[in-house]
Amino acid sequence: MAILQTKSVSFSYNQEERAVLKNISLSIDSGDFISIVGPSGSGKSTLLRMLAGHLDPDEGEVYFQGEIMEGPEIRLVPGYEEIKLVHQQYDLGPNLTLRGNLNAALTGYTSEYRSERVDYLIDFFRLREFEGHYPRGLSGGQQQRLAIAMAMSTEPEVLLMDEPFSALDPMNAALCLAEVRRLARETNTAVLLVTHDVRDAMIADKMIVLIDGEMKQEGTPKSIYDNPLNFDIASLLGPINKLSPAMAKKLGLENEGQAIRIENIRAKQRDSRGFEIKELMYRGAHQVLMVEISPKKLLYVLDGQKQFQVGDRISLDIDKESVLRMSES
Ligand code: ADP
């Protein structure tokens, strides 16, 4: 049985205004790790708040453990103990130490269990040296790890995370996410992650693409990356070139495709009869070149060896079988 489910849910903040969520049906099982991606304003946070029991749908139903969820219209204090929502603004007690905050999150448990669980979480989230610090004495990243540790302290059935790593650098965000996933697996907690960083979203088992309040596509990150429904979704997940029929022909693609990802079109070697590099974007591990295919028609190309410069003329290495053909234009 799904732990959390929505059936044809629609919602608008204002009855007269357009719907922010449109006909959303999704199902989440225990232990699922799901990411929700979509452009800003597409309704991701709203969906999470509804799943947390903080908003009532206008149409459709939300079910928690098979029962219709009681939203704010019914519950005086909205939300469920078994569903935790972590967002950018975390509710840390300013007058409690890190240890004190974690301990307070476990109110109702025996002091022996609390102490044991607090120790476990402090070690798990690598916070031991800061256990006596107050929130103001913690970095943004440490505060964030503490907020997540508090949310997970009671082993909730569902953890909803709304851009939880916005204060972390990419390396620490990835580490923290891996930790959350490990802990969630231990406790069979379902995790829903809203993030604008698709690299984070890719580590989920399943991805949901929300655009303009509609669930446009769902599947494994790989299935969506390899078979996006349309160009907007394709470009949401990574750099990509849209190919006009004329460009496709110029690349020897016989007008067969609609788009190609940059890792599938690579700079090969200098070639005086090749395409000219007009711009270069250094990315550390590699560089992205903008080459002129025909006047004013530029293409993003991967230079994995970082060996070319603006003004060079180059030939290209194209994986023809990787050209994406999308069912929606
Ligand atoms: P996302 O998380 O994808 O950026 P949101 O769920 O925050 O999207 O917002 C979806 C839409 O709902 C936006 O147009 C936003 O302006 C609007 N919205 C969000 N919160 C409120 C609110 N409390 N009152 C009215 N409109 C809101």
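This briefing walks through the ligand site and a handful of residues in the structure above. The model is predicted, so please keep its rules in mind: local features need pLDDT of at least 70, side-chain atom pairs count only at pLDDT 80 or more, and totals for chains, interfaces and linings use all residues. Residues are numbered from 1 along each chain as its sequence is written, and side-chain values use heavy atoms, with hydrogens and water left out.

**Around the ligand**

- The residues surrounding the ligand are Tyr13, Arg18, Val20, Pro39, Ser40, Gly41, Ser42, Gly43, Lys44, Ser45 and Thr46; a residue is near a molecule if one of its heavy atoms lies within 4 Å of it.
- Sorted by class, that shell holds 3 nonpolar, 6 polar and 2 charged residues. Here Ala, Val, Leu, Ile, Met, Phe, Trp, Tyr, Cys and Pro count as nonpolar, Asp, Glu, Lys and Arg as charged, and the others, Gly among them, as polar.
- Lysine 44 has a polar side-chain atom 2.9 Å from an oxygen atom of the ligand, and an N or O atom in the side chain of arginine 18 is 3.2 Å from an oxygen atom of the ligand.
- Taken alone, the ligand exposes 560 Å², and the protein buries 59% of that. Accessible areas come from the Shrake-Rupley method with a 1.4 Å probe; for residues, only the protein chains shown count as cover.

**Aromatic rings and charges**

- The whole structure contains 5 aromatic pairs. Rings of Phe, Tyr and Trp (its six-membered ring) pair if their centres lie within 6.5 Å; planes under 30 degrees apart count as stacked, over 60 as edge-to-face and the rest as tilted.
- One of the pairs joins phenylalanine 11 to tyrosine 13 edge-to-face, at 4.9 Å centre to centre and 85 degrees between the planes.
- Phenylalanine 11 is buried at 7% relative accessibility, whereas tyrosine 13 is partly exposed at 46%. Buried means under 20% relative accessible area, exposed over 50%, and partly exposed in between (1.4 Å probe, protein chains only).
- Tyr120, Phe124 and Phe125 are linked into a cluster by ring pairs.
- The charged end of arginine 75 sits over the ring of tyrosine 80, 3.9 Å from its centre. For this, NZ of Lys or CZ of Arg must be within 6 Å of the ring centre and within 35 degrees of the ring normal.
- Lysine 242 lies over the face of phenylalanine 231, at 4.7 Å from the ring centre.

**Loop residues**

- Asparagine 188 is not a glycine, yet has a positive phi of about 55 degrees. Its place is the loop between α5 (170–187) and β8 (190–194), and it is partly exposed at 43% relative accessibility. Helices (H or I, at least four residues) and strands (E, at least two) are DSSP runs, numbered from the N terminus.
- Lysine 306 also has a positive phi, near 50 degrees. Lysine 306 belongs to the loop between β15 (297–303) and β16 (313–318) and is partly exposed at 35% relative accessibility.
- Asparagine 230, in the loop between α7 (221–226) and α8 (231–237), is buried at 6% relative accessibility. A polar atom of its side chain lies 2.9 Å from the backbone nitrogen of isoleucine 233.

**A buried strand residue**

- Isoleucine 314 is in strand β16 and is buried, with a relative accessible area of 0%.
- Isoleucine 314 and alanine 267 are 47 residues apart in sequence and 6.6 Å apart in space, C-alpha to C-alpha.

How values were computed: Polar contact = N/O pair within 3.5 Å; in protein donor to acceptor, adjacent residues only side chain to side chain.
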